[in-house]
Amino acid sequence: MINIVEIELVEARSFKSADHAEILRLCDAAYGEEVSHLFAAYTADVHVLARTGRVLVGHGMIVTRWLQVNGWDLLRTAYVELVATAEGFRNQGIGTFMMRKLAGYAAENPYELVALCPADTNLYSHLGWEYWRGPLSIRPNAAPENKETPALIPTPEERVMILRLPNTPPLNLDHPLSVEWRGGGELW
């Protein structure tokens, strides 16, 4: 039997609370743990929802983050979070369609880059995503009274992938890459 799946983008400002609860159930099951703290900590710009009938079978979202290559200008980045597909719907191309929809949204909006911290590299590399090879770090929040730039916090255990957009500046994937500090327990 073929499952017909509809994929839609929903801007966060028009997000319904019923969708919120449904997404948490899907993501909790997909990740094997409760993710409500992450969902609460990340302010999404847009969600991608995959449904068959009224049943949610896939989710992903974009959060604006500010990546910085080698200390140069900050890049407004569409950071992809909480990508999940229901167990009975995996390996059917739903994740690919959702990622393409999110990348299309990023390309049509004022983002300069798309990035994520992958759980499964197979889903992303065939879509043109590249691993960042250079050292990764976090830019800690500086208190306003602190006039010195705080030292970067290295995150050598992390892996990050990027997707270039039409307006992405030239990037050397071997240069250092940093991102702003955020709460929620997931730095990248």
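**Reading the features of a predicted model**

Q: Tyrosine 105 and tyrosine 111 are both buried in this predicted model. How many aromatic pairs does the structure hold?

A: The structure holds 2 aromatic pairs. In one of them, tyrosine 105 and tyrosine 111 come together with their ring centres 6.4 Å apart and an angle of 50° between the planes, and this arrangement is tilted. An angle over 60 degrees would count as edge-to-face, and tyrosine 124 with tryptophan 129 supplies that case, with 65° between the planes and 5.9 Å from centre to centre.

Q: Are tyrosine 124 and tryptophan 129 buried or exposed?

A: A residue counts as buried when its relative accessible area is under 20%. Tyrosine 124 has a relative accessibility of 7% and is therefore buried, and tryptophan 129, at 6%, is buried as well.

Q: Which strand is joined to β5 by 3 bridges, and is the pairing parallel or antiparallel?

A: Strand β4 (residues 74-85) is joined to β5 by 3 bridges, and the two run parallel. Within this pairing, alanine 78 has valine 114 of β5 as its bridge partner.

Q: How many bridges join β5 to strand β9?

A: There are 4 bridges between β5 and strand β9 (residues 161-164), and this pairing is antiparallel. One place to look for the pairing is leucine 113, whose bridge partner in β9 is arginine 164.

Q: How many salt bridges does the count come to, and what does such a contact tell a reader about the chain?

A: The count comes to 8 salt bridges. In one of the salt bridges, arginine 51 meets aspartate 19, with the closest N and O atoms 2.8 Å apart. Because arginine 51 belongs to strand β2 (residues 44-52) and aspartate 19 to helix α1 (residues 17-31), the pair ties together parts that lie 32 residues apart in sequence. Arginine 51 is buried at a relative accessible area of 14%, and aspartate 19 is buried at 10%. Salt bridges can also be read as a network, and here Asp19, Glu22 and Arg51 are linked in one.

Q: With which residue does glutamate 81 form a salt bridge?

A: The partner of glutamate 81 is arginine 182, and the closest N and O atoms are 2.5 Å apart. Glutamate 81 lies in strand β4 and arginine 182 in the segment after β10 (177-180), and the pair thus links distant parts of the chain, 101 residues apart. Both glutamate 81 and arginine 182 are buried.

Q: Is arginine 133 buried or exposed?

A: Arginine 133 has a relative accessibility of 56% and so counts as exposed. Its side chain meets that of aspartate 174 in a salt bridge, at 2.9 Å from N to O, and aspartate 174 is partly exposed at 44%.

Q: Where is asparagine 70 found?

A: Asparagine 70 is found in the loop between β3 (55-69) and β4. Asparagine 91, which is not a glycine either, has a positive phi of about 60°, and its place is in the loop between β4 and α3. Asparagine 70 is partly exposed at 33% relative accessibility, whereas asparagine 91 is exposed, with a relative accessible area of 85%.

Note on methods. Residues numbered from 1 in each chain as written. Predicted model: local features only at pLDDT ≥ 70, side-chain atom pairs only at ≥ 80, totals over all residues. Heavy atoms only, no water. Pairing = 2+ DSSP bridges. Salt bridge = Lys/Arg side-chain N within 4 Å of Asp/Glu carboxyl O. Buried < 20%, exposed > 50% of the residue type's maximum accessible area, 1.4 Å probe, protein only. Phe/Tyr/Trp six-rings, centres within 6.5 Å; stacked < 30°, edge-to-face > 60°.
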